[in-house]
Amino acid sequence: MSEATQNRTFFGRIAANPTPALIWIGGALLLLAVEFGAFVDALILFGEQINPLVGGSQDIGGWYVDTMYDSLGFAGGTVMSALGALLVLAVFSVFVKAAFVPFSIVETLGLEDLPISADLLERSIVGAVLAVLWLILLYEPLAFLPALPLIGEPTFAQLIHGFAQTMAGIADWIVANIPTLLSRDLIPNQGFLPPEGAAAEYPAGSEILGARIAIGSYHGTFLGLSPAAAWAIRVVTIYLYAFVWLLWVWQGYKTFRRHYRFADWTPRDDMVDRLSTHRWGQFGFVIVFLFLVLAMFAPAMGPTTTTQNIYNPYGHEFQYVENGQVETITHGSANLQSASQGTPDSNVGVMNYDDYGRFHPIGTLSERANGKDLFTFMADGARVSLFIGLLSIALSGFVATALAMVTAYYKGLADLLVVVTSDSIQALPGLLVYILLSVVFSSHPISNIYSGGFLLALIFAATGWPALWRAIRGPAFQVSEEEWIDAAKSYGQRPSATMRKHMLPYVAGYLLIYGSLTIGGIIISVAALSFLGLGVAPPTPEWGRAVNIGRPYVTTVSWHIATIPGLMVVFVVTGFNALGDGIRDAIDPQSEGSGSGEAAAAGGGG
Amino acid sequence: MSRWGYFARRLLLAVPVVLFGVTITFAIIRLGPLDPVAAILGPNTPPSQYARVEEQLGLNRPLWGQYIEYMVGLFTFDLGNSYVIQENTKAMTLIVQHAPRTLWLGFWSVLIPLFIGIPLGFYAGLNPNTMGDYFASFGGIIWRAMPNFWLGVIFYSVLSQSGTYSEMLTFGLVNFQWDAWLVTNNIGTPPPLNFYNSNGTDLFTIGGTTISLFSFDWEVFVRAVKMVLPPAIVLGSASMGNEMRLGRTAVLETINSKYVETARAKGLSRQKIVWKHVFRNALIPLVPIILNEAFLLIGGSVIMETIFAINGIGYLFFQAAINGDMPLVGSLMYIFILIIVFMNIFQDFLYTIIDPRVGYE
């Protein structure tokens, strides 16, 4: 790369040589376009899960205020409520400033000369705006303005609500009308063999973009193939699609490296090289990739949908053939008849069809779970596990990093305080605290968000940060002893800037290692809790509950109910551990065999 | 700093840790949205009765008063009465009743991994990159990743059908009945612990004097061991994998160190090198791991005791938690915190004795 290009910014370098970047972006857009409907669908789903968070925030806030007033009297309650509100505002304003305000408010308003730190001032301004918006939403003063030239009584909250509904309508239209490559509309697997003489009434195959092409003779399935084959084709296509994405992202990284990177070589190149010869880490990566795709594409993965299978089985009907007649039955009634009960007469095992011509890749659940399809259950359960794992690792990682920076920079008392706090939290026996907290909060409004998954993520974050902090404390201390930190201090750089610019980059890699090593433990703990009947509330699927449901049938023909979910946990946890090992050896090759990371890896503690 | 000064400091630091841990527990129980009065009376209770019970339990007093009383109670080991599980029974009585079975389970689940995990790890470390090493290492990784609750369910089910499975595996040659092997026992009942009787029934006479010794019932002992083995193996599975992996790396590290090279150079036999120089030094990093298992065991015992129907303190905790029995939950937490904190200090103490190179920091 020549001298001239080196002095440009990243976007400047792209503007100077746009072809490779455009090719890559074009490919990415193409990949996105064939799945646009599913993408919008996922956004809708996300919105649905966020909704109770927004609606429930008032309940949760009310609960906090009530508790404080009840237990601390009037004065204490007022102080604590105000403190709580300030804390929430502070957290939100930092987040909103970082995520949604890309420009400097202080510079725009011309307030640079005020004798107060610019960051603090910006956050205070954002916080004040948020506070005003919050009060408006709470008390709706617009409703009292009769001069408002709008029809009816539109309050501010209603305006927002109306906007959200319009957006939801647009999203729904997109989902309904734009074909998606990997959907059960394009590759359906629900169908039946039409009886003799009714072949004209029930033509073979399904309609694909208006045309009907049939290879097999099934009615309603993709190309008229058997439901099993149609389902297999869809799953294979999904994995192919995800694999193409993976290759394309890798291609993007290579494009960036070849054409747009400032430096010809960075230490990260060596890490990537080390990982590319680390077979064990790659094995972990493959397993984690399979798991991630299963979780992300869960709605299209199962042979049936979660709505039909789990949430509203009696609201959906399908057709099947019995005694030469085409009959209609609800999914719920059919599920009950195809439950796996441990006897050969009533069992739908691995790779089997039930009496209604529906295909079950890994069998069905028992009558206790209304004979639901196990694969659909597992795919959706993978989502729940992944959501809890990622969210709690992100939260505890954030807390741990912030504390590690502060303790390594200031040392002394700050370090001692965090040591005592983290020791106290670690002195509480893990699983027992999870049990206790899940029971205590089981009727609290916060447990309605994602069927308690959000609460679990918070619990694991609150109890998990000490271990992460312990793991990155050492590296953070090492960095804080370096000469460049001294230089930055004497140069007069603000502590927060020193931590962020000169310490954080050296510690972030360790966070990745321990994050991937602990996520397996979280998956096991979540499963253990739902095995005990706590945590994620039914009907939302969770892997551990499947093991509990299948407990009586392990030695019978219905062995699949408990065995397959358990094996899946083993594989996923091993995969995350192996990936963590790989990342560790890539980032920190000297640590190989020193064993500090090995103890942190997830064990079957649950 | 001297060793004793270091431990005085450790003990001093343990005080705020215990205090803070207990305070967290109190905050969860009392500030959380759990209503013990409703848990005792059930739903649809008239308000007058509700208020009466609330006053009886002292729950209507100011929170700081309750907090001080709770802390004083804990530190004088006056742990209060159970609310729900067994009304008006002292929490301590319940804990003492249930503890022996959990201790028995915990003892074996520490012991079994020690005698399987460490030898396997050392074997793998002494023969690195052989088939045996790969087999042991990979097996250990998978074994460790198995969730206890699932492994427990599988063990329980397979053992209860051991006859069918052994016939299937050996083509009908062997019919192995686990529940009839050596001594008969039921699977899924708590192990009997009355093999030891300190009052003594065995009497024998030496030189005219009758001596009463404690009696030891071998059959009951074997039964107790046999019944606790499956849950103990499962509970120790994670520890076994840990000890194996760390044992392997420790041996590899020691065997490549300079003093082993010196020993080899001066012509010591391989056996002597392995036992005197490698084995003893490789044990050092394993000490903290072994004691750390206390965490896993305390948590994991809840699940094992639920699956194998052993009514120990893990099971007691689970029942107390889901029934809203606050004093019992609080006291159990307190005891667990004490065990873990003192285990940690003991571990550091042991560490400085075994390895004097460890600094007092």
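The area buried between chain B and chain A is about 4,800 Å², where buried area is the accessible area (1.4 Å probe) that two parts lose on being put together, summed over both. Carbon and sulfur atoms give 77% of that area. In chain B, the residues that lose the most area to chain A are Pro33(B), Phe149(B) and Trp150(B). Together they account for 14% of what that side buries. The model is predicted, so local features need pLDDT of at least 70 and side-chain atom pairs count only at pLDDT 80 or more, while totals for chains, interfaces and linings use all residues. Residues are numbered from 1 along each chain as its sequence is written, chains are lettered from A and ligands numbered from 1 in the order in which they are written, and side-chain values use heavy atoms, with hydrogens and water left out.

The contact (heavy atoms within 4.5 Å) takes 57 residues from chain A and 56 residues from chain B. Across the interface, one salt bridge is found; the term denotes a side-chain nitrogen of Lys or Arg within 4 Å of a carboxyl oxygen of Asp or Glu. The side chains of Arg245(B) and Asp581(A) meet in a salt bridge, at 3.1 Å from N to O. Several helices of chain B each supply at least two residues of the side that touches chain A, among them α1 (3–31), α7 (148–160), α10 (237–255) and α15 (326–354). That side divides into 42 nonpolar, 11 polar and three charged residues. Here Ala, Val, Leu, Ile, Met, Phe, Trp, Tyr, Cys and Pro count as nonpolar, Asp, Glu, Lys and Arg as charged, and the others, Gly among them, as polar.

Chain A holds 22 helices and six strands. Helices (H or I, at least four residues) and strands (E, at least two) are DSSP runs, numbered from the N terminus. Of the 606 residues in chain A, 44% are buried; buried means under 20% relative accessible area, exposed over 50%, and partly exposed in between (1.4 Å probe, protein chains only). Among contacts in chain A between residues at least 6 apart in sequence, 67% join residues at least 24 apart.

Helix α16 (residues 430–440) is mostly covered, with 10 of its 11 residues buried. Among them are Leu431(A), Tyr434(A), Ser438(A) and Val440(A). Thr498(A) is found in helix α19 (residues 495–531). Thr498(A) counts as buried because its relative accessibility is 0%. Leaving aside residues up to four places away in sequence, Thr498(A) touches Tyr409(A), Ile485(A), Ala488(A), Gln493(A) and Met503(A).

Two strand pairs follow; strands pair if DSSP finds at least two bridges between them. Strand β3 (residues 317–322) of chain A runs antiparallel to β4(A), and six bridges join them. Gln319(A) has Thr328(A) in β4(A) as its bridge partner. The two strands form a hairpin with two residues between them. Asn323(A) lies in the loop between β3 and β4 and has a positive phi of about 50° although it is not a glycine. Asn323(A) counts as exposed because its relative accessibility is 74%. Gln325(A) lies in β4, which spans residues 325–330. Gln325(A) is partly exposed, with a relative accessible area of 48%. The C-alpha atoms of Gln325(A) and Pro195(A) are separated by 6.8 Å, although the residues are 130 apart along the chain.

Strands β5 (residues 350–353) and β6 (residues 359–362) of chain A also run antiparallel, joined by three bridges. The bridge partner of Asn352(A) in β6(A) is His360(A). This hairpin has five residues between its strands, and Gly357(A) in the turn has a positive phi of about 75°. Met351(A) is found in β5. Met351(A) has a positive phi of about 55° and is not a glycine. At 55% relative accessibility, Met351(A) counts as exposed.

Most residues other than glycine have a negative phi, and most peptide bonds are trans. The peptide bond from Pro538(A) to Pro539(A) is cis, with omega near 10°. Pro539(A) sits in the loop between α19 and α20 (543–550) of chain A.
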